[in-house]
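Please look over the model below before reading my notes.

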Amino acid sequence: MNRNKLQKILVLLVTLALLINTSAATCNIVIITDPTGKDPNGAAAGSMSFATNMFQSTFIMSKENHFAVLSGGEGNSTPRLAAIVETIKRLNNGATASEAASAASSYSGIRVMTGGPTIGAAVGGSFDAYVVTVDNNGTITATPVSGGLATLPAGQKGAIIHLRNTHGNPKYGTAETVRQETAVMIGKMIRDGYPSTEILGAAMEKVAKESGEKYGGGGDNLVSSLTTGDMFTPSKMNITGYPMDEKYSKECPTCGWSVAYPAAENYQTCPYDGTALKTIYAYDALADKLTVTSNSTLVSVYGTDAAGIYETTEELVDYSVKKNGYNSTAIATTINNAINNGNLVGVNYVEPKDINVVESTRAVGVYYKALPEGRTSPSWELPISSSVLDIVGSIQTAIGLILIILVLFRSSLINSFLKRRR
């Protein structure tokens with residue numbers, strides 16, 4: 001995200017800190033499978049916790065500089081936010097991952113983990129973690145680290161995973177074992193050539209199921225600048241996010257149509273082609289969202305920052321591309337139909353010229369225009385001209401006036417009519 005968006009998020013975080021007890025993520029993971037930064041799925045990061053209020057503060061990402069900042073710890077929320085701000089400031093000024101993460105050591109009980117495809121990864125402050133390294137010859141090393149500063153050097157394949165149990169978690173006491181086993185699993189998957197985004201999904205599945213630290217949170221693809229955004233974060237304050245080990249949606253394997261739970265309970269087949277729907281768990285949805293494949297479409301949205309617009313537009317573009325290919329007219333039609341149906345709210349109609357398609361890189365940019373006069377939805381496109389409506393309106397007004405006159409003077413009119421009959 002750009003600096004303006006980072007500043008907005010930080011202002012929001014400070015506001016949240018004043019209003020509620022913001023949650024600290026108890027599971028932070030950074031995975032780097034390609035330290036050259038060339039693989040579109042070569043670095044990923046994510047967070048989750050058993051606690052409430054898992055907002056996006058736990059996995060901030062810079063799209064321009066390709067780094068993530070993951071936060072946590074048991075200290076007060078205000079110092080934690082100060083540590084996040086300082087870490088981001090250092091990274092934006094060219095600091096290494098270890099130099100940036102060391103900011104957390106100045107704040108009691110706070111943890112900050114950071115990393116990127118070419119800068120390596122580091123965790124600073126209060127933590128219980130494993131640093132995983134995978135050498136080119138396949139040697140895996142998983143080293144337990146606790147407190148202070150721990151680093152995955154730049155240029156090294158590997159990962160850092162932090163995991164503690166939240167008080168009140170029914171599976172309290174499992175973190176130490178799960179932390180070690182997940183670190184080893186991550187190392188094996190890196191060695192075997194899995195992309196970081198798929199490894200992140202697998203790691204979050206294991207942690208969620210076996211340690212109970214399961215509520216989103218979410219994740220980032222640090223190379224391709226993809227994020228789960230608010231897919232799994234709580235929709236309201238003081239509640240938990242989405243359970244990462246539960247069913248998230250159902251999807252048509254043919255056309256890509258999908259529907260989220262709980263509405264998904266009502267669908268067994270695709271409403272468009274009748275294909276049996278596939279059940280998608282949250283950890284799979286996370287990996288699918290972040291992983292760039294030959295069938296992936298990289299969607300960018302311009303002209304609006306309204307909540308939910310990007311996610312809805314991405315789904316609409318994906319559907320249109322799978323059905324009609326990289327056709328700007330078809331994409332525009334799909335988006336406009338969604339606006340007419342009320343599935344996309346807060347944006348104006350688009351034209352084919354507003355859709356920028358670069359098929360060679362599987363990229364689609366959608367340029368929205370501001371709605372006129374502060375409207376929340378476009379005006380209706382009616383099959384008759386406004387002048388005809390004005391005439392009809394005038395006729396209706398005249399008829400209405402006549403009816404009012406008849407009501408007001410009905411007694412006089414009736415008496416006059418009766419006299420004439422005599």
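1. Basis. This is a predicted model: local features need pLDDT of at least 70, side-chain atom pairs count only at pLDDT 80 or more, and totals for chains, interfaces and linings use all residues. Residues are numbered from 1 along each chain as its sequence is written, and side-chain values use heavy atoms, with hydrogens and water left out.

2. Thr26, setting. Thr26 sits in the loop between helix H1 (3-19) and strand S1 (27-32). Helices (H or I, at least four residues) and strands (E, at least two) are DSSP runs, numbered from the N terminus. Thr26 counts as buried because its relative accessibility is 11%; buried means under 20% relative accessible area (1.4 Å probe, protein chains only).

3. Thr26, partners. Its side chain makes a polar contact of 2.5 Å with that of Glu213. Another, of 3.2 Å, goes to the side chain of Ser49. A polar contact is a pair of N or O atoms within 3.5 Å; within protein, one must be able to donate a hydrogen and the other to accept it, and residues adjacent in sequence count only if both atoms are side-chain atoms.

4. The sheet. Three strands form an open, antiparallel sheet in the order S12-S11-S13. Strands S12 (258-260) and S13 (278-281) are the edges, each pairing on one side only. Two strands pair if DSSP finds at least two bridges between them.

5. S11 and S12. Three bridges join S11 (residues 247-251) to S12. Lys250 has Val259 in S12 as its bridge partner.

Notes: Buried means under 20% relative accessible area, exposed over 50%, partly exposed in between (1.4 Å probe, protein chains only).
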